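This report describes the surroundings of selected residues, strands and a helix, and then the arrangement of the domains. Please keep the sequence and the structure at hand while reading.

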Amino acid sequence: MILASFQVGEGQRPTVLLHGFLGTGRNLRSLASAWSAADPSRRFLLPDLTGHGTSPPLPPGTTLSSVAVDVVETARAAGFEGPLDFVGHSIGGRVSLAASLAAPGDVASVTLLDITPGRIPPDMSESGKVLEKLRASPARAADRKAMREELTGRGLSGPLADWLLMNLEPAPEGGVRWRFDREALGEFHARVNSEQFWEALSRPGLPVRCIRGGRAAYVSDHDAARMEALGCPVETLPNAGHFVHVDEPDALLRWLLRG
């Protein structure tokens, strides 16, 4: 399956940037632009993951491995050659690990932005809590302002509501509607959080590294110790939350450039 995507940079080192759950490739445009300016040797592909943004919807039973295959196929269709550097935030990081197992010859390295290879308990998933409020919102509204009021009225912050509103599109009957299938995403999210990818960290010759937000809970101290024991260094940005690329963009870029 070929996904919607865009590119940043004109270098020869192929790098795939993958967004998190409920996001789109546009969420990482600023990171890609800053990284490309600092390291012109790279060429970045930023796809909308399957079921997100303007990419095709999620087929029944979709796994992180099947999403990973879609990403690799999209990179090849876009002319990206050779093994790819994967950099993924949140679920995008888990898709990156899945790619290293499903298509090992296509993955040169994996960089995880605030995500663990381990199972994610339902009570720890911030995106799951956001999804609950999103699914409780109406399917359509008169305009973006009305939908924003629906979301903030359910307890979401203004910035988070604005981020979700990027997924609205004009409705045929007037007003706006959600571009994605909220129920399909909910079923997908619940299923794939139980997947584990520790095996990827043991693959010979695959560099894996991770940076986590000190105010986030996705990478526990226990998981960080296990990751480091398997050869995956873990660095912490103390003042960052889960969205490390938003909270500490300069510090994150300095860390990325060391790889």
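## The surroundings of H19

The backbone nitrogen of L49 lies 2.9 Å from a polar atom of the H19 side chain, and the backbone oxygen of G23 lies 3.5 Å from a polar atom of that side chain; a polar contact is here a pair of N or O atoms within 3.5 Å, where, within protein, one atom must be able to donate a hydrogen and the other to accept it, and residues adjacent in sequence count only if both atoms are side-chain atoms. This is a predicted model, in which local features need pLDDT of at least 70 and side-chain atom pairs count only at pLDDT 80 or more, while totals for chains, interfaces and linings use all residues. Residues are numbered from 1 along each chain as its sequence is written, and side-chain values use heavy atoms, with hydrogens and water left out.

H19 is found in the loop between β2 and α1 (29-38), where helices (H or I, at least four residues) and strands (E, at least two) are DSSP runs numbered from the N terminus. At 1% relative accessibility H19 counts as buried, a label given under 20% relative accessible area, with exposed meaning over 50% and partly exposed in between (1.4 Å probe, protein chains only). Leaving aside residues up to four places away in sequence, H19 touches residues including P47, D48, H52, H89 and I91, contact meaning heavy atoms within 4.5 Å.

In strand β4 (residues 84-89), 6 of the 6 residues are buried, so the strand is largely enclosed by the rest of the structure. L84, F86 and G88 point one way from β4, whereas D85, V87 and H89 point the other way.

Strand β2 (residues 13-18) pairs with β4 in the parallel sense over 4 bridges, and T15 has D85 as its bridge partner in β4; two strands pair if DSSP finds at least two bridges between them. Strand β5 (residues 107-113) also runs parallel to β4, joined by 6 bridges, and the bridge partner of H89 in β5 is L113.

## H242

H242 is found in the loop between β10 (234-237) and α10 (244-247), and is buried, with a relative accessible area of 7%. Its side chain makes a polar contact with the side chain of S90 at 2.9 Å. Not counting residues up to four places away in sequence, H242 touches H89, S90, D114, E126, A216, Y218 and D247.

In helix α7 (residues 182-192), the buried residues include L185, F188 and V192. Seen down the axis of α7, the buried residues fall within an arc of 165 degrees, so they line one face of the helix; the arc is that of the directions from the helix axis to the C-beta atoms. What covers them includes α2 (64-77), α3 (91-102), α4 (126-136) and β8.

Strand β8 also belongs to an open sheet of 3 strands in the order β6-β8-β7, with antiparallel pairing. Its edge strands are β6 (140-141) and β7 (168-170), each of which pairs on one side only.

## Two domains

The domain assignment gives domain 1 (5-119 + 195-257) and domain 2 (124-185), with bounds that come from an automatic or database domain assignment. The contact takes 15 residues from domain 1 and 15 residues from domain 2.

The area buried between domain 1 and domain 2 is about 1,500 Å², of which carbon and sulfur atoms give 65%; buried area is the accessible area (1.4 Å probe) that two parts lose on being put together, summed over both. F21, L22 and Y218 supply 45% of the area that domain 1 buries against domain 2, more than any other three residues.
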